[in-house]
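Dear colleague,

Here is the structure I promised to pass on. My notes on it follow below.

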2 protein chains.
Amino acid sequence: MQNPVTVEVTRGKLVESRHRGLGVVVDGAGRTVFSFGDAEAGIFPRSSCKAMQALPLIESGAADSYGFGNAELAFSCASHSGEDRHVEMAASMLAKAGRDMSALECGSHWSSDQAALIHQARTIDQPNALHNNCSGKHSGFVCACVHSGTPVEGYVGYDHPLQREIRDVMQSLTGAVLSADNCGTDGCSIPTYAVPLKGLAHGFAKMLTGEGLSASRAKASRRLIDACMAEPFYVAGTGRACTKLMELAPGKIFAKTGAEGVFVAALPEQGLAMAVKCEDGTTRAAEAMIFALIARYFEKGGEIETKLLAMANRQMKNWNGVHVGDVRVTDAMFA
Amino acid sequence: MQNPVTVEVTRGKLVESRHRGLGVVVDGAGRTVFSFGDAEAGIFPRSSCKAMQALPLIESGAADSYGFGNAELAFSCASHSGEDRHVEMAASMLAKAGRDMSALECGSHWSSDQAALIHQARTIDQPNALHNNCSGKHSGFVCACVHSGTPVEGYVGYDHPLQREIRDVMQSLTGAVLSADNCGTDGCSIPTYAVPLKGLAHGFAKMLTGEGLSASRAKASRRLIDACMAEPFYVAGTGRACTKLMELAPGKIFAKTGAEGVFVAALPEQGLAMAVKCEDGTTRAAEAMIFALIARYFEKGGEIETKLLAMANRQMKNWNGVHVGDVRVTDAMFA
C-alpha cells in the first residue's frame, strides 16, 4: 500500500518537498476511528512509547517508594533537551535510589535543541549521561532495578529482567509479538521493537481508558499520562513540540514524539489515541500530521483547534524574517 | 511519475525509513547518460547553483580587480559552517571592496554544524552576517556591485541589476525560463528559481566542459569549478559532505549541496555533471544518492569508488557507539 503525501513544503508558488505518511486513531476497544496510509505497517515507536516503558517503575512500587511526583514520572517518559532542570532532575532521581550518573547506560550527547546546545557549550566542557535526552527514562530504569533488587548493570540488555518485563508490557499493550526478529537497538541502547502503527495507537488508547487492562495497570497508565500532561516541560523542553502541545490545552492532550518521524497522542475527553509515522523519518512532517490529526477532535473554530491548525500549517521564514514558504498538511490526509 | 525509493534507513533487520528521489547525469551536449525518477521535474536548486550565481563576480572583472584567488572564488560558491576562517574570509573579501559586514543582506544565523556551533557559542555573543552560511556568495555579490558601480543596497532584490544578470546567466546555463512564476525567495533572501533537474545538471555540464558557452564564460566557469576543487574547505567546512567529496579525489570531483535535499556534482575526467533531489528534502538521502551516483563513474573496485560507496552505504551508530542500522542506497536507483 502506497502511503499518501500528507505534508508539503512550499516555496513561492511551488511545492519544494513532499512527505508521505501513515496515521491512525483508535478507541480503547481497538476500533479504528480514522486512518490514512498503511496503518497496519510495522514501525519502530522509538521514544514515542516511553510511557509504556515507564510502567514497571510504577508497578514495581519504586516510584512510590522514592516519593516520585508528577515531575519525576513525566521525566521518566521524556525525550528532553538537556536543559539545566532536566539534568538536575536526572541526578535527583538517581540520588533517591542511592545511585549517580555512573549507573546510566544511555551514553551521552550534546543537546539537539539549538538554544539548549548553546547554553551547554557555554557552561560545560562535555555532556555526560545526565544530558542524554533519554536520561529520565534511564534514571527510572535504574530506580526500578534498585527497588526490586534486580542487578542494575546491564539493564539495557535484551535479556535483562527489566527489558523482559518491558517486552511483556509492550506485547500486552500493543497486541504485537515482540522478539529478536522485530527488535532493533535504540539510540540509548535499549531494545526497540517494530509494531503495527495501529497497535501502538491502541496501546495508548488502553493506557488512556484502562480498557482491557488490570485495575493496577490501568491506574499506573493513567498516572503516567496525567503526569506528562501536568509537567510538560519535563517531557521535552522549552519550545519543543510535545511540551507546546500539552501546554496548549492542559489536561486535554497527551503527546510524545519519537525519532524517525513518529508521534503519538491521547485525548482524555474523547477517549481516543492516535499515532503517525512519516515514511521518510522527518520530524517537521510528523509534527504537522499529529497537530492536524489532534485538531480534528476539537471543536471546529474553537481556540484549541485554531491553535493546532496554525501549528500544522505554518509559515517558514528565512534569516531576514521574510515569509518564504509554508509547511502544510494535504487534503490526502483527510480524504 | 512516481519517484523510486532510492535510500533506505535500517534498524536491526528492518527498514525504518524510506526516501524517494530523482537524479540525472548529463554530458556537455545535454545528453542524458543516466537517470532515475522524474528527471524533468522542476526543483529549486537552492545553494547547489552558487557557482552559477558567482559567474558575474568573474565576468565583471571584479575578481581580478580585487586579486581574488582560488580561496576567495571557492568561498563565493560556498554554503559554509561559519568557522573562524570562513568568517575571516568574508570580512577580507568585503574589505577589498572597501565594505564591511553592514553591506551584507543575507541575515545572520548560528552555524547548523554542531562542532562549529559549539565553538561559536563559546567565542561570540551572537552571530552576525559574516557567520551566515551564504556570506561568501553575498560578499562576492557586494564586490561585483562595487566594482561595476551598481548600487550595493538592495542587491538581493528580484529587480536589482545583479539579480537580473544572475537570472540571465542561469537561464542560459539551464535552458529554463526564469520568471516570477517559478521564483521563490531563498534562505539568504535572493531569488531562487525552480528549474528541471536535468537543466540544472546540464548547466553544470556546460560549465565543466565549456560546450555551448562563449569562450569567456567557459573560462570563468571552469575557473570557479577548479577553485572549489582546489579549496574545498572554503566551499563547506570541516567534516562536511562537499568538502569531504572534493578532498577525497582532488581535481576529479566538484560537488555542491543545496537545502531541501539537492546535490550537484561534476566530473572533469568524465566530462559529466549530475544532480539529485530527495523528494522529501532530507540531506542524508541526497548525500547517499550523490555519493553512489558519482561512484558509478570511477573504476570498479578502485580506491575512489570504494570510498564513495562506503560513504553511500554507511553504518549508523548510537550514543554508545553501537551499530544500530545503516543508511543505504537501493537497487531502484540503478534499476
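R46(A) sits in the loop between β4 (42-43) and α1 (50-53) of chain A; helices (H or I, at least four residues) and strands (E, at least two) are DSSP runs, numbered from the N terminus. R46(A) is not a glycine, yet has a positive phi of about 50 degrees. With a relative accessible area of 7%, R46(A) is buried (buried means under 20% relative accessible area, exposed over 50%, partly exposed in between, with a 1.4 Å probe and protein chains only).

Please note that this is a predicted model, in which local features need pLDDT of at least 70 and side-chain atom pairs count only at pLDDT 80 or more, while totals for chains, interfaces and linings use all residues. Residues are numbered from 1 along each chain as its sequence is written, chains are lettered from A and ligands numbered from 1 in the order in which they are written, and side-chain values use heavy atoms, with hydrogens and water left out.

E260(A), in the loop between β8 (254-258) and β9 (262-267) of chain A, also has a positive phi, near 60 degrees, in a residue other than glycine. Its relative accessible area is 14%, so E260(A) counts as buried.

Next, a helix pair. Helix α9 (residues 197-209) and helix α10 (residues 215-230) of chain A pack at an angle of about 100 degrees, with their axes 7 Å apart. Axes are lines fitted to C-alpha atoms, for helices over the stretch in contact, and angles run from 0 to 180 degrees between N-to-C directions. α9(A) is therefore roughly perpendicular to α10(A) (65 to 115 degrees; under 35 counts as roughly parallel, over 145 as roughly antiparallel and the rest as oblique). F204(A), M207(A) and L208(A) of α9(A) meet A218(A), S221(A), R222(A) and I225(A) of α10(A), where contact means heavy atoms within 4.5 Å.

Now the two chains. A rotation of 180 degrees with 0.0 Å of shift along its axis superposes chain A on chain B, with an RMSD of 0.0 Å. That is the relation of a two-fold axis. The superposition is by least squares on the C-alpha atoms of residues with pLDDT of at least 70 in both copies. R122(A) comes closest to the rotation axis of the residues of chain A, at 2.8 Å (C-alpha).

The contact takes 53 residues from chain A and 53 residues from chain B. Since 100% of the interface residues of chain A are also interface residues in chain B, the copies meet through the same surface.

Regards
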